[in-house]
Amino acid sequence: MESYKPTQTQEARFMKSRPCGHDKQVLLDCRVPARLEAIETLADAVNEVLPDRDLAFSVNLCLEELITNVIVHGLKGAADRFMQVQLIISDDWLEILLRDDAPRFDPFMQAPEPNLDLDVNDRPIGGLGVHMVKKLMDEVHADYDGSGNVIVLRKHLRHKASE
Amino acid sequence: MDLHTRVESHATVVTISGRLDAVTAPEYEKRIREMIDSGAVSFVVDFDQVDYISSAGLRALLLMTKLLNAKGGRVCLANVKGNVRSVFEMCGFCAVFRMENSVAEALAALA
């Protein structure tokens, strides 16, 4: 695993496709600047390694929602910080790992469940991002390892009958 | 995101393309606020060329609707489809926004 310290260029660095034991393969392993502008660059990299458009859309949506959370709530907009993003695929699962060095924060415990039936004028602005991550993924989990938060998302790959 | 506008007889048609995300949603909000401040109250937003939306994009649309409701205005969305539509559905936004399958139908709905 590469180091987790800022570089001078502050550009995202990507490492793709390496075997990782048994049937697992690391599709993407990158260090992403904790800035909103980095999300689209990351999305381009995800689109490149995940040819399934619908799956790539779901992954990019989850990454944006969680990275935005870290930038706004975890790091309070602090500059020059980085996150690590990994995509790992096996025969049946896609696993997304997101690691930050922010104070302890569990978005899945702390985000209120949005009320989706409210009228437009009563709709609160917020809470939808985490709601969508929970809807799109089969398993979501956040942990604090003493130096940062590690979020693990898992999606079961339902292979199409024609494949 | 690119944003173009054209004024039809009874509504402003806003055509957006690309991504409506945490980076581009503030720009979208700014442009919409300027138009509403200039007196526009009826909008059609064409999603035909939008290939990605996140909760930041939904929030911008919600804000637009609230601003318009306060002024007695209206907005109708057109061509919300595919994965972008599923984001609306996941958040229960299909019931919040008026949506039509084409710009022509959206304009007719506002007439």
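1. How do E1(B) and E2(B) run relative to each other, parallel or antiparallel, and how many bridges join them? In this predicted model, the two strands run antiparallel and are joined by 6 bridges. A hairpin of 4 residues leads from E1(B) to E2(B). Within this pair, B:Leu3 has B:Ile16 of E2(B) opposite.

2. The sheet of chain B is open and has 5 strands, in the order E1-E2-E3-E4-E5, with mixed pairing. Its edges are strand E1 (2–7) and strand E5 (98–100) of chain B, each of which pairs on one side only. From one strand to the next the twist averages 25°. As background, strands of a sheet pair through backbone hydrogen bonds, in either the parallel or the antiparallel sense.

3. Two pairings in the sheet of chain B are parallel. E2(B) and E3(B) run parallel and are joined by 8 bridges; here B:Ser17 has B:Gln49 in E3(B) as its bridge partner. Strand E3 (residues 42–53) and strand E4 (residues 74–78) of chain B also pair in the parallel sense, over 5 bridges.

4. H2(B) lies across E2, E3 and E4 of chain B and runs at about 175° to E3(B). Does the end-to-end distance of this helix agree or disagree with 1.5 Å a residue? The 16 residues of helix H2 (residues 55–70) of chain B should span 22 Å, and the end C-alpha atoms are 22 Å apart, so the two agree. The buried residues of H2(B) include B:Leu58, B:Leu61, B:Leu62, B:Met64 and B:Leu68. B:Ser55, B:Ala56 and B:Gly57 are also among them.

5. Just after H2(B), B:Gly72 has a positive phi of about 75°. B:Asn79 has a phi near 60°, which is positive although the residue is not glycine. Most residues other than glycine have a negative phi. B:Asn79 sits in the loop between E4 and helix H3 (82–90) of chain B. Its relative accessible area is 15%, under the 20% limit, so B:Asn79 counts as buried.

6. Which of the cysteines named here are buried or exposed? A:Cys30 is buried, with a relative accessible area of 1%. B:Cys76 is likewise buried, at 0% relative accessibility. The count of disulfides over all chains is 0.

7. Chain A contains 4 helices and 6 strands. Along the sequence these follow the pattern β-β-α-α-β-β-α-α-β-β. Chain A has 163 residues, of which 45% count as buried. Among contacts in chain A with a separation of 6 or more, 60% are between residues 24 or more positions apart.

8. One residue to check in chain A is A:Asn69, which lies in helix H2 (residues 53–74) of that chain. With a relative accessible area of 16%, A:Asn69 falls under the 20% limit and is therefore buried. Leaving out residues up to four places away in sequence, A:Asn69 touches A:Gly74, A:Pro107 and A:Val130.

9. The other is A:Tyr144, placed in strand E5 (residues 139–144) of chain A. At 26% relative accessibility, A:Tyr144 is between the 20% and 50% limits and so counts as partly exposed. Residues up to four places away in sequence aside, A:Tyr144 touches A:Ala102, A:Pro103, A:Arg104 and A:Asn149. A polar atom of the A:Tyr144 side chain lies 3.4 Å from the backbone oxygen of A:Gly146. A:Asp101 is 43 residues from A:Tyr144 in sequence, while their C-alpha atoms are 9.5 Å apart in space.

Technical notes:
Residues numbered from 1 in each chain as written. Chains lettered and ligands numbered in written order. Predicted model: local features only at pLDDT ≥ 70, side-chain atom pairs only at ≥ 80, totals over all residues. Heavy atoms only, no water. Buried < 20%, exposed > 50% of the residue type's maximum accessible area, 1.4 Å probe, protein only. Contact = heavy atoms within 4.5 Å. Polar contact = N/O pair within 3.5 Å; in protein donor to acceptor, adjacent residues only side chain to side chain. Expected span 1.5 Å × (residues − 1). Disulfide = S-S within 2.5 Å. Pairing = 2+ DSSP bridges. Axes fitted to C-alpha atoms, helices over the stretch in contact; angles between N-to-C directions.
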